[in-house]
Amino acid sequence: MALGLIVKSGRVLTAKLLMGQAVEGITHCAIGDGDGTFTDPQNPPAPDIEQTALKNERARKRYYKRTFLKEDAEGALVVNGVRYLETGEETNTIGIFFRFDEAEANGITIREYGFFGGDVEYVASVSGDLAMGGVFHQDSNPVGEVLRPGYLYEVKNIPDFNKISDTRVELVGIIKI
């Protein structure tokens with residue numbers, strides 16, 4: 001499977017972190033069902049380096065774990081054919097783990113996902129780690145539960161995957177510096 005695309009706003013987030021500015025790194029993963037350009041269920045369009053958001057965000061979740069990783073032939077985590085092992089050592093590779101449980105985000109055909117950081121904020125009525133409905137906008141999306149989307153770091157478009165109630169979706173961002 002092809003790698004995701006680190007977009008321009010992701011590079012700005014990285015620059016802010018390297019400058020020591022007070023922003024959070026990658027904290028959230030959003031899933032979406034794309035837009036009219038997603039016409040072939042098996043061959044999604046390429047993401048655009050100028051993107052600052054998903055084409056049609058439907059759900060967003062805060063990470064449940066961030067850890068250092070190292071490549072290891074015996075590692076239990078396999079991403080794009082590479083095996084990783086969690087480690088307490090400081091390495092140049094980190095893993096950021098997101099999980100949409102069986103009861104969350106059902107009925108969505110996932111066609112795109114992205115990792116976000118910075119100043120992500122949910123609307124006041126959301127008390128947990130999950131926000132539904134995309135980014136709030138008074139006129140165009142009054143049901144959206146994401147107040148501030150933060151910086152899109154990386155985006156990936158994938159073949160159609162239908163999220164249903166007997167399915168847990170685990171997405172792991174692997175960042176190598």
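Let's start with strand S7. Six of its eight residues are buried, so S7 is largely enclosed by the rest of the structure. One caution before I go on: this is a predicted model.

Now, where does S7 sit? It belongs to an open sheet of five strands, and the order is S5-S6-S4-S7-S13. The pairing is antiparallel. Which strands stand at the edges? Those are S5, residues 77–79, and S13, residues 169–176. Each has a single partner strand, so one side of each is left without a neighbour in the sheet. Neighbouring strands here are turned by 40° against each other on average, ignoring direction.

Strands pair through backbone hydrogen bonds, and the pairing can be parallel or antiparallel.

Let's walk across the pairs. Begin with S4, residues 65–71, and S6, residues 82–87. Four bridges join these two antiparallel strands. Look at lysine 70 in this pair: it stands opposite leucine 85 in S6.

On to S4 and S7. How many bridges join them? Four, and again the two strands run antiparallel. Take phenylalanine 68 as your landmark. Its bridge partner in S7 is isoleucine 94.

Stay on isoleucine 94 and step across to S13. There, its bridge partner is isoleucine 175.

Next, the loops. Some background first. Most residues other than glycine have a negative phi. Two residues in this model go the other way.

One is asparagine 80. It is not a glycine, yet its phi is positive, about 50°. You will find asparagine 80 in the loop between S5 and S6. Is it buried, exposed or partly exposed? Its relative accessibility is 43%, so asparagine 80 counts as partly exposed. Leucine 3 is 77 residues away in sequence, but the C-alpha to C-alpha distance is 8.1 Å.

The other is alanine 105. Again not a glycine, and again a positive phi, about 55°. Alanine 105 is in the loop between S7, residues 93–100, and S8, residues 108–118. Its setting is buried, with a relative accessible area of 4%.

Key. Residues are numbered from 1 along each chain as its sequence is written. This is a predicted model: local features need pLDDT of at least 70, side-chain atom pairs count only at pLDDT 80 or more; totals for chains, interfaces and linings use all residues. Side-chain values use heavy atoms; hydrogens and water are left out. Two strands pair if DSSP finds at least two bridges between them. Axes are lines fitted to C-alpha atoms, for helices over the stretch in contact, and angles run from 0 to 180 degrees between N-to-C directions. Buried means under 20% relative accessible area, exposed over 50%, partly exposed in between (1.4 Å probe, protein chains only).
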